[in-house]
Amino acid sequence: MQKILSLLLLGCGLLLAQPPSGIAIRNARIVTGSGPILQKGTVVLRNGLIDAVGENVTIPTDAWVINGEGMTVYPGLIDALSTIGITDAAATPGSARPAATPGAPAATVSRGPEDRPLTTSWLKAADLINTTDRRIESARNQGFTSAITWPRRGIFAGQGAVINLAGDKSNDMIIVPSTGQYLALVNGGFGAGYPASLMGSISYIRQIYVDADRYARIKKQYADNPRGLNRPEYDRALEGVLESQRLLLPANRRVEITRMISFSKELKRPTVLYGLQEGYLALDALQAAGLPVLINLKWPEKAREVDPENIESLKVLEVRDKAATTPAELAKKGVKFAFYADGIDQPADILKAVRKAMQAGLSEADALKAMTITPAEIFGFADRLGSIEKGKIGNLVVTKGGIFDEKPAIQHVFIDGVKYDPAPDTQTPAAAGARATGGGKEQEQQ
Amino acid sequence: MKKFFVSFTLAASLAFAAANDTFLVRNITVHPVTGPKLDNASVLVVDGKISEVGAKVTAPKGVKIIEGKGLHIYPGMINSATEVGMSEIGSIRETSDTGELGEFNPQLRSSIAVNPSSEHIPVTRANGITAVITLPGGGSTENRGFAFGALNPVIVGQSALMHLDGWTWEEMELKRTAAIQMKFPTIQMLSPRAMMMDLPGAFPRNTFAEAKKSYDRRIQAMHEFFEQARRYQKGKESKQPGLRRDLKFEAMIPVLEGKTPLMIVATRNRTIRDAIEFGQKEKIKIILAGLEQLGDNAAKIKELNIPVILGETLTLPSSEDDPYDSTAALPGLLHKAGIKFAFGTFDTQFARNLPYQAATAVAYGLPYEEALKSVTINAAEIWGVADQIGSIEKGKWADLIITDGDPLETNTQIKQMFIKGKAVDLSSRHTKLFEKYMSRQ
Amino acid sequence: MKRFLTALALSAALASAETFVIQNATVWTMAKGKFTGSVVVKDGKIEQVGEKVMVPQGAKIIDAGGQHLIPGIIDAHSHIAAEAINEGSVSVSSMASIDDVLNPEDIAIYRALAGGVTTANILHGSANSIGGQTVITKMRWGTDAKTMLFEGGRPGIKFALGENPKRAGNAAVNVGGTPRPQRYPATRMGVEDVIRQAFIDAREYQRTWEEYKTKAANGERVVEPKRDLKLEPLVEILEGRRDVHAHCYRADEILMLLRVADEFGFKIRTLQHVLEGYKVAKEIAAHGAGASTFSDWWSYKVEAFDAIPYNAAIMHKKGVLVSLNSDSAELMRHLNTEAAKVMKYGGVSEEDALAMVTINPAKQLKIENRVGSIEPGKDADLVLYDKNPLSNYAKVQKVWIDGKMYFEREKDLADRAAREARKKGLLEKEKAAAPVQKKDGAAPRRGGPAE
């Protein structure tokens with residue numbers, strides 16, 4: 001069924017291979033994200049890029065024109081940490097433990113760091129993209145045009161990629177093929193050997209970076225002059241680590257935040273922290289550290305189906321009450337933060353979660369930044385994406401009313417200059433996650 | 001049963017009458033516990049029983065005299081929840097005889113599994129404890145849904161009150177069935193399978209609704225068991241022809257008759273509440289044991305006059321938000337609420353530390369006299385043996401300790417101990433090893 | 001960041017740099033006897049101690065009303081404030097470190113404070129013959145992990161002998177159809193073997209690096225050896241830069257470890273638990289190891305069946321430096337009365353008993369120049385008890401660390417109602433905010449902005 005569908009879509013794409021030479025959205029409110037808001041402006045998309053933006057823009061004669069009156073145009077939203085597009089079993093939890101060395105049998109019980117447990121540092125999200133992942137469309141229907149997507153299995157899970165949330169082939173979707181290494185502090189689980197604890201995981205990561213630095217040095221030494229030296233033994237795990245210098249470290253609770261800040265210093269590599277729901281408790285430390293952070297929008301909530309007589313601790317209640325103040329507090333401190341939606345099942349709940357942070361004091365402008373220009377800056381692709389500027393990739397969201405309104409009405413989504421309209425009822429929470437198809441590419445504007 | 005007990009004590013007193021269980025302790029500070037302390041007083045023991053207490057006691061001719069100058073005499077202490085004699089080495093299952101398989105086992109008798117030569121007996125005794133309750137189900141933990149592969153142990157057997165002296169368990173028995181021990185079920189969010197393997201997380205959790213349903217079912221099963229026992233009782237009373245003797249139901253009859261209390265281990269608010277409700281519905285006498293909190297049950301416990309056996313005061317608060325001293329303050333709260341209680345340690349290893357548990361409660365609000373009573377007379381009253389032990393009063397067994405000070409203080413030394421008037425050896429595996437290795441050059 | 005933290009710590013110290021005098025206290029100095037007098041605290045340090053002192057101008061006066069002032073209690077064996085205890089997957093887990101997993105928010109820290117503990121040695125668990133790295137901490141509740149660390153505290157490492165490390169190697173247990181992996185060692189012989197082999201490896205590692213450095217210094221073209229974070233702590237032990245805290249029970253294994261240490265030329269800093277230490281007290285004293293034991297734990301496993309409450313007293317009398325530890329978040333709260341048990345069992349004097357939870361563990365951890373007694377120049381880590389600290393009726397009233405008040409019973413009692421109210425408020429707020437369950441299918445799909 002799925003196969004048939006993608007064939008159909010493919011056929012469609014071939015038939016209508018000629019897109020309009022340009023699209024202009026006229027008389028719209030334009031939130032550029034880089035300069036002031038244009039109350040009545042025009043954006044022109046051509047050749048997949050933003051060709052022009054401003055209040056007095058001449059619309060090319062051959063462009064399709066969209067009347068933007070009553071609408072707002074935003075830069076396309078970016079989810080800074082997700083697994084969208086990755087359906088490959090090797091990169092998602094529950095799959096068999098991969099071998100550290102190609103060809104070697106998967107070790108079931110790791111005896112130490114030398115077995116490179118829970119490591120697939122060489123895996124690239126860019127190589128794993130599956131265009132049929134239904135989440136691509138449902139995220140798009142909520143205004144997301146890009147995501148940074150990561151293999152998420154193990155300690156050294158692999159390398160993230162910046163992707164656009166539309167494309168016939170996965171290659172079309174890739175914006176940045178490798179943008180860092182995703183690290184998690186997990187253990188092998190019962191009976192799986194080293195590491196079996198948080199302590200063990202941290203010591204393992206430390207050893208890997210010590211090994212990687214040496215590996216780089218001896219490889220260089222050998223490349224400079226191999227004579228008389230034994231060749232360095234090839235190590236796929238270290239290769240993967242070396243080719244992804246930026247690392248993502250998990251830091252949700254205050255204690256994890258301070259712990260990972262010092263760990264980052266020790267590892268001496270560009271670091272992005274993710275989680276951060278207790279960030280409001282570690283403001284000074286975060287400000288002093290100067291690390292960019294990714295905030296999980298899945299705010300902690302009371303678990304359902306629990307014993308009503310089991311009263312949670314004051315600490316838990318306070319975090320639940322205050323977690324959503326983190327973005328506003330970090331904004332005050334000038335800490336660079338982006339949002340991600342890990343764990344939010346219904347895409348429609350993502351913007352709802354952002355609104356919660358806004359109710360806790362986050363300005364609309366800062367909220368938008370956290371889903372547009374800031375993730376682009378953090379991962380180094382702000383020259384291509386993240387704001388509505390001439391020459392950038394043509395990723396836009398057009399809404400009736402504001403995107404942060406309680407019931408945002410997303411009219412059009414543009415990715416690489418191509419227009420996608422959310423299909424009917426994809427915006428109701430129940431339908432968004434469950435729908436298989438619909439809301440496909442529209443090549444024509446009536 | 002009762003008949004048996006009476007004839008047994010008779011036989012015992014005859015056997016010991018000629019032995020050295022007649023003596024006078026004089027010039028000692030007597031702490032009868034049930035009355036004010038008497039300075040420079042005497043205690044006369046005849047045939048193992050306290051015969052006279054007071055400032056002026058005339059000793060029969062030739063009686064052995066113990067000089068008590070500068071010392072104190074107290075009733076021996078009672079630890080109201082232990083595994084003493086039933087478990088030797090904690091980690092070795094083979095040395096433990098608590099926790100039988102099966103759901104309803106009221107017929108199991110803990111006293112017959114008490115090993116009179118357990119090393120724990122002299123060790124426990126050395127700190128002034130002369131009698132203990134032995135728990136067939138062990139520990140103070142609630143019913144967590146399984147134990148050693150047996151799901152749902154609920155009624156775990158008969159708790160006995162045992163003297164810590166005797167050649168056989170029979171000689172040690174003060175009361176064979178002091179109570180029937182029940183471990184009240186709890187709401188288990190984890191499946192029993194996950195708990196058994198100690199692998200929380202590896203198995204899906206029950207939803208609260210599911211867990212509550214299974215909890216309710218288990219309570220229903222308990223009621224059904226009681227119902228069956230009642231039918232058996234009626235059948236027996238009416239001499240129903242062909243009624244087969246059933247050990248389980250037979251053991252329940254004294255509970256149904258209100259003669260033997262059901263000692264229900266229930267630690268937290270809901271379980272305590274439900275345990276009380278269970279007892280009310282079944283119209284039986286209950287004792288609550290192992291409480292970690294009072295919850296909202298204080299008034300009810302007081303109203304129904306339910307005695308309580310408290311566990312360790314030296315234990316951690318049960319939740320993060322509890323005041324740091326909540327466990328130590330709990331006995332004081334019970335006292336304020338007018339609830340009668342005694343202390344137990346619910347184990348073997350630390351049974352000897354009973355007095356320090358009581359003393360800690362004093363630091364955090366329990367009046368000293370109450371603390372002392374809770375390890376002596378209150379325990380005797382709760383177990384229905386206040387006519388035999390628990391204070392220094394005429395007619396009671398001479399379960400006595402002579403000390404150089406307050407027996408609830410750690411540094412106090414127990415100088416001598418008498419159980420049923422018989423001087424008990426205070427040496428133990430510990431003192432013997434001490435002497436042996438102190439002498440190593 | 002580090003600089004920032006130091007600044008923080010500094011400002012904390014400044015905030016606490018109040019000068020105050022505790023007067024009319026029964027002062028247990030643990031150095032020069034016990035007397036009724038005063039202690040002057042300035043800049044977080046003890047400035048004067050005596051029956052009569054010079055009260056500095058502007059100093060705050062605290063009248064102790066005859067209550068008992070002792071140095072902060074030191075627990076040489078604790079596992080609180082750590083988010084992981086064991087890296088049990090390997091027989092040598094020296095690469096793992098408690099330092100990486102300290103949790104300054106563990107409520108056990110506050111409870112330990114309320115029991116008079118101001119310093120604790122936080123140890124890795126006992127699943128491995130050679131376990132993970134350990135850290136000495138002060139119970140600075142409310143600060144962060146780095147601030148909790150005892151400044152200049154010597155790095156440590158946990159060893160473990162006997163049943164615990166060999167248990168992981170015992171016969172496979174079938175769990176859910178998967179046989180549990182067997183891990184060497186499964187016997188006390190194997191435990192010794194693992195330790196000896198590890199030190200042979202460490203020496204080899206040390207030699208490899210020395211050779212490399214020499215050659216590299218001579219300009220030879222050599223390949224840099226691998227760094228092994230498992231062996232480096234062992235090299236530090238060999239070089240006297242890391243202290244061994246060894247979990248042990250039986251006399252045979254205690255002696256074994258002392259001899260292995262002799263073989264490789266290092267000292268065992270402390271023997272932990274050391275429940276049969278009384279049988280080999282002479283050998284322990286000769287080696288110079290400290291012994292950190294339980295007061296009266298016994299019979300919970302086979303190797304604890306010869307444990308006796310006289311252990312501390314015998315070792316003490318035979319010249320071993322003895323401390324009492326908790327190994328438990330609960331026991332940690334009343335180490336003072338654990339010390340009283342040493343008076344009861346074996347007749348150790350009151351002050352020698354209290355020394356076992358103050359100055360003795362300080363010496364064992366080599367921090368006695370800073371803590372463990374009330375003497376001028378030492379950290380103002382002080383505990384005020386309402387009664388004799390060796391009495392079961394004594395309660396901690398106030399605790400200072402570095403001259404800063406970290407626990408005060410009156411304040412704790414006074415704050416309870418406010419905390420309760422705060423919690424109630426949050427619960428009510430959450431209840432009020434809970435979404436009302438209603439069907440919402442009629443939302444406009446492409447409608448305008450909602451009001």
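Predicted model: local features only at pLDDT ≥ 70, side-chain atom pairs only at ≥ 80, totals over all residues.
What share of the 441 residues in chain B is buried? Buried residues make up 59% of them.

**Figure 1. Chain B as a whole.**
Chain B contains 13 helices and 18 strands. Of its 441 residues, 59% are buried. Among the contacts in chain B with a separation of 6 or more, 70% are between residues 24 or more positions apart.

**Figure 2. Chain C as a whole.**
Chain C has 13 helices and 18 strands. It is 451 residues long, and 61% of these residues count as buried. Where contacts in chain C join residues at least 6 apart in sequence, 68% of them join residues at least 24 apart. Chain C exposes about 17,500 Å², with carbon and sulfur atoms supplying 52% of that area.

**Figure 3. The interface between chain C and chain B.**
On the chain C side, 50 residues are in contact with 50 residues of chain B. The size of an interface is often given as the accessible area lost when the parts come together. For chain C and chain B, the area buried between them is about 4,500 Å², of which 54% is on carbon and sulfur atoms. C:Trp298, C:Lys344 and C:Tyr393 supply 18% of the area that chain C buries against chain B, more than any other three residues.

**Figure 4. Polar and charged pairs across the interface.**
Between chain C and chain B there are six salt bridges. One salt bridge pairs C:Arg409 with B:Asp325, with 2.8 Å between the closest N and O atoms. Polar contacts between chain C and chain B number 32 residue pairs, counting pairs with both residues at pLDDT 80 or more. Several helices of chain C each supply at least two residues of the side that touches chain B: α2 (107-113), α8 (281-287), α9 (311-317), α10 (335-344) and α13 (409-433). By type, the residues on this side of chain C are 24 nonpolar, seven polar and 19 charged.

The side chains of C:Lys341 and C:Glu338 form a salt bridge, and their closest N and O atoms are 2.9 Å apart. The two residues are separated by about one helical turn because they are three residues apart in helix α10 of chain C. Elsewhere in the chain, salt bridges that share partners join C:Lys45, C:Lys138, C:Arg140, C:Glu151, C:Arg370, C:Asp379, C:Asp381 and C:Asp402 into one network.

Side chains of opposite charge can pair when their charged atoms come close. B:Asp216 and B:Lys212 form a salt bridge, the closest N and O atoms being 3.0 Å apart. Both residues lie in helix α5 (residues 208-237) of chain B, four residues apart, about one turn of the helix. B:Asp216 is partly exposed, with a relative accessible area of 35%, and B:Lys212 is partly exposed at 28%. In the second salt bridge, the side chains of B:Arg230 and B:Glu282 meet at 2.6 Å, N to O. This pair links distant parts of the chain, with B:Arg230 in helix α5 and B:Glu282 in helix α7 (residues 269-282), 52 residues apart. B:Arg230 and B:Glu282 are both buried. Over all chains, the whole structure holds 89 salt bridges.

A:Ile84 is found in the loop between β6 (77-82) and α2 (134-140) of chain A. The relative accessible area of A:Ile84 is 8%, under the 20% limit, and therefore A:Ile84 is buried. Leaving out residues up to four places away in sequence, A:Ile84 touches A:Ile129, A:Asp133, A:Arg135, A:Ile136, A:Ala139, A:Thr149, A:Ile163 and A:Leu165. A:Arg135 is 51 residues from A:Ile84 along the chain, and their C-alpha atoms are separated by 6.1 Å.

How values were computed:
Residues numbered from 1 in each chain as written. Chains lettered and ligands numbered in written order. Heavy atoms only, no water. Contact = heavy atoms within 4.5 Å. Buried area = accessible area lost by both parts, 1.4 Å probe. Salt bridge = Lys/Arg side-chain N within 4 Å of Asp/Glu carboxyl O. Polar contact = N/O pair within 3.5 Å; in protein donor to acceptor, adjacent residues only side chain to side chain. Nonpolar A, V, L, I, M, F, W, Y, C, P; charged D, E, K, R; others polar. Buried < 20%, exposed > 50% of the residue type's maximum accessible area, 1.4 Å probe, protein only. Areas by Shrake-Rupley, 256 points an atom, 1.4 Å probe, with all protein chains shown as cover.
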